[in-house]
Each structure stands twice: as structure tokens, then as C-alpha cells.
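I open this notebook to record what I looked up in one model, element by element. The coordinates and sequence come first, and my entries come after them.

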Amino acid sequence: MNRLSAEASPYLRQHASNPVDWYPWGDEALSEAARRDRPILLSVGYSACHWCHVMAHESFEDADTAATMNAMFVNIKVDREERPDIDAIYMEAVQAMTGQGGWPMTVFLTPSGHPFFGGTYYPPTRRGQMPSFRELMAAVDDAWSNRRADVVGQAARLGDALKTSMPTISAAGTAPDIDRLLSAAEQFTEQFDAEWGGFGGAPKFPSAMGLDAVLQIHRHTLDPDLLRIVTTSLDAMASGGIYDQLGGGFARYSVDRQWLVPHFEKMLYDNALLLRIYLHAWQATGEQRFRQIVEEIIDYVLRDLHHDMGGFYSAEDADSEGVEGRFYVWSDQKFRSVCEDAGVDAESAAQWWGVTEAGNFEGSNILNRPVRGDVIRPDSIEAARVALLAARNTRIHPGLDHKVLTEWNALFLSSLAEAAAITGNADWKAAAVTNGEFLVDNLRRTDGRWMRSWQPGGSTDDGHASHLAYAQDYAALADAFTRLSELTGESRWIDHATQTADAMIDLFADAEHGGFFTTGSDAVELIKRPKDLTDNATPSAQSLAAVALLRLGAITGNGRYTNESTRILAMLDELVARHPTGFGHLLTAINLAATGITEVVIPGDRSDLVEVVQSGWRPEVVLAWGQPHNSPLWEGRSNEMAYVCHNYACQAPVDTAEELRSLLAQ
């Protein structure tokens, strides 16, 4: 066993028995590289990454390849989900060198940590123009040994480029207005796949944040074409193989336009963001098929990604028994056999899910709904689903990445709390509260510093947290705690939200240019201090903070939060104007800022009034109710009434559900 056996990350521990002399990232590895005067071979991946597993089997488990790695390099393995700061820096370098990126990421560094060459996956034998991994290592070793000046020069030039890539946009501009939303709608419309939904071609990602932005813009314009973008996309995804037709939950992306063949890994963050857009679509349209997907996503996470103490696991792998997708696909014969054994009409079930003898994926069947959007199952098909799911659960399951990440938990918690408030589902409310308490109890140190990752321990160990949390962790937490306060009416969650937001500003704020650095001022220094701007698979720290601080500022009356959010919007205004579709979640903040937030205060326990606020989709509304907290919103407010304010102007209080509904409609 190498040094990774002592690491908390399941991904790192997967490599603990490699013959490679792996180090985790840290001073020990950097010092060893300097002592030996050898370059660093940095390999970055994550547990649900299919090609990471392929390269591991082909190269890192091979004794001869490992011997070459150990002789020529100091080898460092990084879990990108635990260390997004390291991943971001070196991914930027790889993209600068090659024009593309991805995982596994393979980067060669000087002993000081400066990159000079890199790429992604390398095969064990040459494939066309792609060198083998061992050929690549030999070439790098030759350059290091015989052309050291060239290598050092390349590293210096690349390092300078990385440092100067930090945005220097002045925060003295103005925050974007409604025109930014309208121009974003134009770009989303141009990129929309009218036949299959979503944006662009294959491979196709769900783009949950973009769809949510389009739905919010539709509230302003009432343009039916914008609503069609959302409903077409959501129907196509829910009917496709990217959606687990038996167990619920979405895979990470589809390799085709039609959403049929997924990359089978299932990530917590994808399901958190997709839960949100399906919830909003149900509220906006009243279509029960969208609510069904909401229920099934939550059922999936609470069933398969839920730790007993309340945390949510990160992901399920694409592979089981070494084969991608094996857990999910069906032969025609096995499918029919299970249905017949359960007393279900096999032919009807096969037609419902598009099962044929020939199959649709390497001779097997990925279950999908050929009649797009028709996903509400009749009783006979539901009986088939239950039987098929039970049979599937007897198979060897994909690998589970059981680390609990603060950011991803907070993303799901925000969506779950919103869903619980809207539906009144007591089980969802209990799960949301338990998750919030879990995060506070296990991911926050006694000095108040949040941590990034938590791993469950053994039978006598409650688990442990590791790695300082990043700006995106803090921003996601601030939003999640605010939404818990709206769900429960308990002031403790606003206290947690304000403490987290204050610490985020103190630790991560870029006082010169606005926005937030990824790493805190107390973090170990890397070759640059990263600062993510655009929304990718997850919202950026900037977008998360902009939304969270605007809402928290409105619900507390604290101008510090609103001012920081406004600086983010002003800092990014020029970039949003050029590339609005790269800022899907930030568009939510722009909508809040441009539309103005409506504050509703309901002191005491007037459940009838609270239900009015929570019954519809009102993305511009924040709700304070139940226990009062230290906020100007509560001053002079008596029980049994609802108080509504918008853009610094308050309406006369009302005391009936009908009056409140009418006031909100205005």
C-alpha cells in the first residue's frame, strides 16, 4: 500500500494498492521532488470518471509502467472534487497548452509546482498521433535531463500567463439590468435543439441552470417559445436514457443528441440542479409529469446517496464489474422474464420502455420512454417498474463515492428545502433539517471555519472532515441555510446563514476587483490564487454568492450582503454581455437585482399565510416567518399579519390569505 491508503478520499484510496509510489498533494511531495531534482507527475481525477478508471487499469496498475513513473518522477494523485483549487489551476494550464481539457488530467510540473507540459488520458500503446503514456514519460524525462533550460523557460512563461489571466475588470461599473436577461434569451434560443431539447449537439449536458434562467425570463416576457425551450428539454431528458427510468435520478450527460445513451455516472450536484428546474417547471406549468420527476429525484438521493447521519454522498460510478453501464442495461430476455415472474404483461412493459430483442446499446437495452413526455405510469407499468428495480438491486452495484462534500450537499439542501416548502412534504422537511444539522455538526470546526469534505468512519468512528472549504462551499451554505429558515421559520438558520456569509466575505473577498477568490486567505499558497467566474457543471462561487447574498441581504436588511452581490454583478457585467449562456446561475442574481426582491414577513405561526407565499413559484420573493431574528424587517411587526415590501416600499399589512395572494399577484 502506498501513501494514499491513509487518505480520506475514496478516489485516492482506490489507488492505494497501485505499484505507483503515489503522494497526496502537500509539502512532503514537493520537498521530495526538490530533493531528488525530479519533475512532478500530477494525475487529477475523480471516482465516477470512467476514463480515469481506464487509465488506472492500463497504466497505474501495471508494474513496469509504475516502475518508470517511480524512477523518473515524484507522483501526486489529486481528487478534483476535494481540491477544486488545484484542479482549476492546472486545468487552465492544460487548456492553454492543448486547447482542451478533461479528466483524467495528466500534468508535468517543476519541483516548485509550475506546469510545463500536460494533457488528459494517455493510452498504454501508441494510437495514431497519440503517444503512449510510457513514450510521453520518456520524452519528458529526456527534456528534463538534457534540455532543462527549455523546460524551465516553458514553465516560467506558462506561469506568467496563468498569473496575468486573473480578471482585472473594474468593480466600478454598474450592475446589469433586464436587457442582459433578454439578450441571454436570444442566445439560448439560437443554441436550442428544437427537435431534442437542450442546447447544442452531442455530447449533451442537461444545462439545468440555463433552463432555469430561461424559465425566469419567460416570467417577464410570456414568450411561448421560451417556455417551449424548457418543456421540450425537460420532457426529452425525462424520457431518455439519461434518466434512470426505474430508480430515478439523472446521469451526468448523454453521448448523443437524443438523451438516449448516458455516461452512466450519477452525481449529487446534477440531481440537485435538475431537481430545482423540474420543481420550478411544475410550479410554472402545473404539469404533474414534472412533479413526478421531482419526487423520483428526491427518492433516489434519499435512498441511494444518503448517510444515516444525514449527509449526502457525492456520486455513483459509471462502471460495475469493470463495465460501463452494466448495472443499468437489460437484455430483452431478462427484462421479459422479470416482468412475467411478477405477473406483469411483459409486452406492454417492453413497449413502454422501448425494449427490443436487438437492443439500443451494444446489444442490450437502455430503458427509455419512446413517447416523449408521457412518463406518468399506469398501475400495470408501475408494477413492472417495482419488479424490475427489485431485480436490478440484486446486481453488483456501481462504486459509491461516499465522501460528503459541503458544496454539493448545500446545493441539494437548497433544492430539497424549496421542494419541501412548496409541497408540504414532512419527510422531505425532516431530511432537509437533518442535513442542515449534519453539516453544522460535522463540517464546521469549533473555531467556525468550514471544511470541504467529510468521510464516514468505521463502526466506532463518526467520521472526520478534511480540507479547508472554498468560496463555493460558503456561498452554497449561505443560500441553503437561508432556504431552511424559509422552510422552518426557525431563526437559528438565519444565524448560520449570516455567520457563514460574514466569514465568506472576510476570507475570500477580492477587495480590489470584487467577487471572491476560490481559496481563503488562510489557505496554503499555490502558484496562483484561483478565482472561478463562469458557471460550468456547478455554479461558480461568484454566481452562488451573488444569489445567496442578494436573498440574505433582503431577508436580514444587511446592506453589506447586497453591496457585495452588486459588486459581483458589476465585475462580471462585460463578460455576461458577451457570453450570457456561460452564466446560467448568475442570471438568477441578475433577475433578482433587475426585478427587485419582494420581502414578506409573517411573524408567528400563521400557516395559512405562509402557505400562500410557498404555494406558487415566486423566485423574486424572500420569506421571513415564525421566530423573529435580528433584522429591521421585524421591527414594529405584530403577529397575525403579513407584511409585504418591494424595492424599499411597504404595502399595508394584510391578515387574510386572499388579501396576501392578491398583494403578491401585483
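Predicted model: local features only at pLDDT ≥ 70, side-chain atom pairs only at ≥ 80, totals over all residues.

**Entry 1. Strand β2**

I began with β2, residues 40-45, and asked how many of its residues are buried. The count is six of six, so far as the strand is listed as mostly covered. I then looked at the two directions in which its side chains point. I40, L42 and V44 point one way, while L41, S43 and G45 point the other way, and all are buried.

I next looked up the strands that β2 pairs with. Six bridges join β2 to β3 (residues 74-79), and these two strands run parallel. In that pairing L41 stands opposite N75. Five bridges join β2 to β4 (residues 105-109), here in an antiparallel arrangement. I40 stands opposite L109 of β4.

**Entry 2. The four-stranded sheet**

I traced an open sheet of four strands, with mixed pairing and the order β17-β16-β18-β19. Which strands stand at its edges? They are β17 and β19 (649-650); each has a single partner strand, so one side of each is left without a neighbour in the sheet. Within the sheet, β16 (residues 598-603) and β18 (residues 643-646) run antiparallel and are joined by four bridges. I noted one of the partners: T598 is bridged to H646 in β18.

**Entry 3. Helix α13**

I turned to α13, residues 332-341, and listed D332, F335, V338 and C339 as buried. Why do I describe these residues as lining one face of the helix? Seen down the axis of α13, the buried residues fall within an arc of 140 degrees, so they line one face. As background, an α-helix has 3.6 residues a turn, so residues three or four places apart point the same way. On the other side of α13, Q333, E340 and D341 are exposed.

I also checked what covers the buried residues of α13, and found that the cover includes α14 (346-353) and α15 (379-392). After α13 comes G343, which has a positive phi near 75 degrees.

**Entry 4. S485**

I looked up S485, which is placed in helix α18. Is S485 buried or exposed? Its relative accessible area is 6%, so S485 is buried, the cut-off for that term being under 20%. Leaving aside neighbours within four places in sequence, I recorded contacts of S485 with E490, W493, I494, I555 and W625.

I recorded a volume of about 1,400 Å³ for the largest pocket. Its lining has 48 residues, of which R80, D87, M91, W103 and N536 lie nearest the centre. The elements that give two or more residues to this lining are α3 (50-60), α5 (84-98) and α16 (406-423). Of these, α5 gives the most, with eight residues. By class I noted 22 nonpolar, 14 polar and twelve charged residues in the lining of the largest pocket.

The second largest pocket has a volume of about 560 Å³. It is lined by 23 residues, and F205, P206, S207, A208 and N536 lie nearest its centre. At least two lining residues of the second largest pocket come from each of α8 (178-191), α9 (208-221) and α11 (268-285). The classes are ten nonpolar, nine polar and four charged residues.

**Entry 5. Cavities**

I searched the whole structure and found six cavities of 30 Å³ or more. Which element gives the most? It is α11, with five residues. By class, the lining of the largest cavity has 16 nonpolar, eight polar and seven charged residues.

The second largest cavity holds about 140 Å³ of space. Of its 15 lining residues, G241, Y243, D244, Q245 and Y328 are the closest to its centre. I recorded ten nonpolar, two polar and three charged residues for the lining of the second largest cavity.

Terms used
Residues numbered from 1 in each chain as written. Heavy atoms only, no water. Buried < 20%, exposed > 50% of the residue type's maximum accessible area, 1.4 Å probe, protein only. Arc of directions from axis to C-beta. Contact = heavy atoms within 4.5 Å. 1 Å grid on protein atoms, 1.4 Å probe; cavity = no way out; pocket = protein on both sides within 12 Å on 5 of 7 lines; lining within 4 Å. Points joined across faces, edges and corners; volume = space filled by probe spheres on them. Nonpolar A, V, L, I, M, F, W, Y, C, P; charged D, E, K, R; others polar. Pairing = 2+ DSSP bridges.
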